[in-house]
Amino acid sequence: MYYIEPITMKQAQALVEKCGLEAPAGVDVTLGLFHDNDGLIATGSLKRDMIQGVAVNPAFQGEDILGKLLTALIDQGRKAGVSSLYLFTKPERAVQFQGLGFRQIGSVWPYAALLEWGEEGVGQYVEKLKHIRQAAEQRRRETTGFEKLTAAAIVMHANPFTRGHRYLIEQAGEAADLLYVLVVEEEGSMFSYEDRIEMVRRGTADLSNVTVLGGGRYAVSALTFPSYFTGKDRASAAHTAMDAELFAKYIAPALGISLRFVGCEPFSPVTDLYNRTLTERLPKAGIAVRELERLAVSGTVVSASAVRALLADKEFDKGAETALMEMLPSSTVEYLKERGLWGR
C-alpha cells in the first residue's frame, strides 16, 4: 500500500542524494511517497511554481511512482492557486515527464530541460510580448517617422538599479531604435521584483526608446535555475545555456530582437562564462551579442552588491550615504527613501 504525506527536507535528503541529486533549498513544501514495507520510496518539493528535488528509488521506478508523486505535487500547487508549474530535469529524463502531461519548452544538452504543466505559460508570455512590441513600435514610429525599426535587449537583475545599470542602458539605447530591458522575475534577493522593476522604470522614464518589462519564467537567473541536479560546478554553464535557449526561441522572435547587450566584468568568472555562452549560442539564431564596458566611479566599477552591503550595514552613516549617492541615480535614492529602504 502506498501513501503520501508532507515531510521535511532532512527526511528526504538521503533519497535525494541516493539518486545523485543535491537537496534543493528554500522550498515551500516537500512530499514523501511511502510504501508500507519499504518506507520512503519517492520525494518531491514545491518552491512557489517550481517543482524541485524529484527523486524516486530506482527499485520502484517502473511502478508509476513518479505519476503518483507528481499528481500530489500538482494538487499542492492548485491549492496554492498556481495555474502553471515548471520543472527542470536532465534532458534524458524529460520524456518521462512529458508522458505525464508536461510540455518541454527548452532543452540544452547535456545540462537540463525545462518543462511546464497547466496553462500554456510560455504561449501566454509570447502573446504578451507581441502586444508590448506593437505598442513600443507604434510609439517609436510616431516619434521618429521610421517605418523599419531595429530592436535590441538587455537582461538585468537590478538589485537595486544603479548608475551602472543606467549607463549600460544608455549605451545600448544608442545602438538601436528600440531597447527592451528585461528585469529578471524572481524573489529571494534583497529587493522584491516589484521594487526592482519599479526602480528600473523610474530610472529610465526619460529614455523614449526604452521599454521595461518582466522576464517571466523565461529570463533565467542563477537564482531561479536550480543547481541540485547539474552539480554546482556546472550550474553557471547550465543556467546561461538555458537562458540563451529560451531567449532565442521565444523572447527575441516575439519582440523582433536582433541584438543583445551584456555588461563585461573581467573580475567575475561567472559573468565571463555567461557572456561567452551567449556569444557562442545566440548568433546561431541570428542574434548578435555585444559586450559593454561597465561604469566606474573613482576607478571602481559600480556594483549592486556593494550597494546592498552599504544599505544593509547597521552602522549606516554619512560615509555610506556619500558612497551610495555616487553609485545610485537620484530616482533610486528617492524610491528607497520613499519605501523606507534607505539605511535599513
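## Close-up views of a predicted model

**View 1. The whole protein.** With 344 residues, a compact globule would have a radius of gyration near 20 Å; the protein has 22 Å, which agrees. That radius is taken over C-alpha atoms, and the globule rule is 2.2 Å times the number of residues to the power 0.38. This is a predicted model: local features need pLDDT of at least 70, side-chain atom pairs count only at pLDDT 80 or more, and totals for chains, interfaces and linings use all residues. Residues are numbered from 1 along each chain as its sequence is written, and side-chain values use heavy atoms, with hydrogens and water left out. Along the principal axes, the C-alpha atoms fill a box of roughly 70 × 55 × 35 Å. The secondary structure comes to 11 helices and 14 strands. Helices (H or I, at least four residues) and strands (E, at least two) are DSSP runs, numbered from the N terminus.

**View 2. Surface and interior.** Of the 344 residues, 53% count as buried. Buried means under 20% relative accessible area, exposed over 50%, and partly exposed in between (1.4 Å probe, protein chains only). The accessible surface comes to about 15,900 Å², of which 48% belongs to carbon and sulfur atoms. These areas come from the Shrake-Rupley method with a 1.4 Å probe; for residues, only the protein chains shown count as cover.

**View 3. The seven-stranded sheet.** This open sheet has the order β1-β2-β3-β4-β5-β7-β6, with mixed pairing. Its edge strands are β1 (2–7) and β6 (103–108), and each pairs on one side only. Two strands pair if DSSP finds at least two bridges between them. Strands β2 (residues 29–35) and β3 (residues 39–47) pair in the antiparallel sense over seven bridges. Within that pairing, G32 has T43 of β3 as its bridge partner. Helix α1 (residues 9–18) packs on the sheet and touches β1, β2, β3 and β4 (50–56). The direction of α1 makes about 115° with that of β3. Helix α2 (residues 65–79) also packs on the sheet, and its direction makes about 35° with that of β3. Axes are lines fitted to C-alpha atoms, for helices over the stretch in contact, and angles run from 0 to 180 degrees between N-to-C directions.

**View 4. The five-stranded sheet.** Here the open sheet has the order β10-β9-β8-β11-β12, with parallel pairing. The edge strands, β10 (210–214) and β12 (288–292), each pair on one side only. The twist averages 25° from one strand to the next. Six bridges join β8 (residues 151–156) to β9 (residues 178–183). V155 stands opposite L182 in β9. Helix α8 (residues 269–281) packs on the sheet, touching β11 (257–263) and β12. The direction of α8 makes about 165° with that of β11.

**View 5. L295 in its loop.** L295 is found in the loop between β12 and β13 (296–297). At 16% relative accessibility, L295 counts as buried. L295 and G164 are 131 residues apart in sequence, yet 5.1 Å apart in space, C-alpha to C-alpha. Not counting residues up to four places away in sequence, L295 touches R163, G164, Y167, T300, V301 and V302. Contact means heavy atoms within 4.5 Å.

View 6. C19 counts as partly exposed, at 23% relative accessibility. C264 is buried, with a relative accessible area of 11%. The structure holds zero disulfides, a disulfide being a pair of cysteine sulfur atoms within 2.5 Å.
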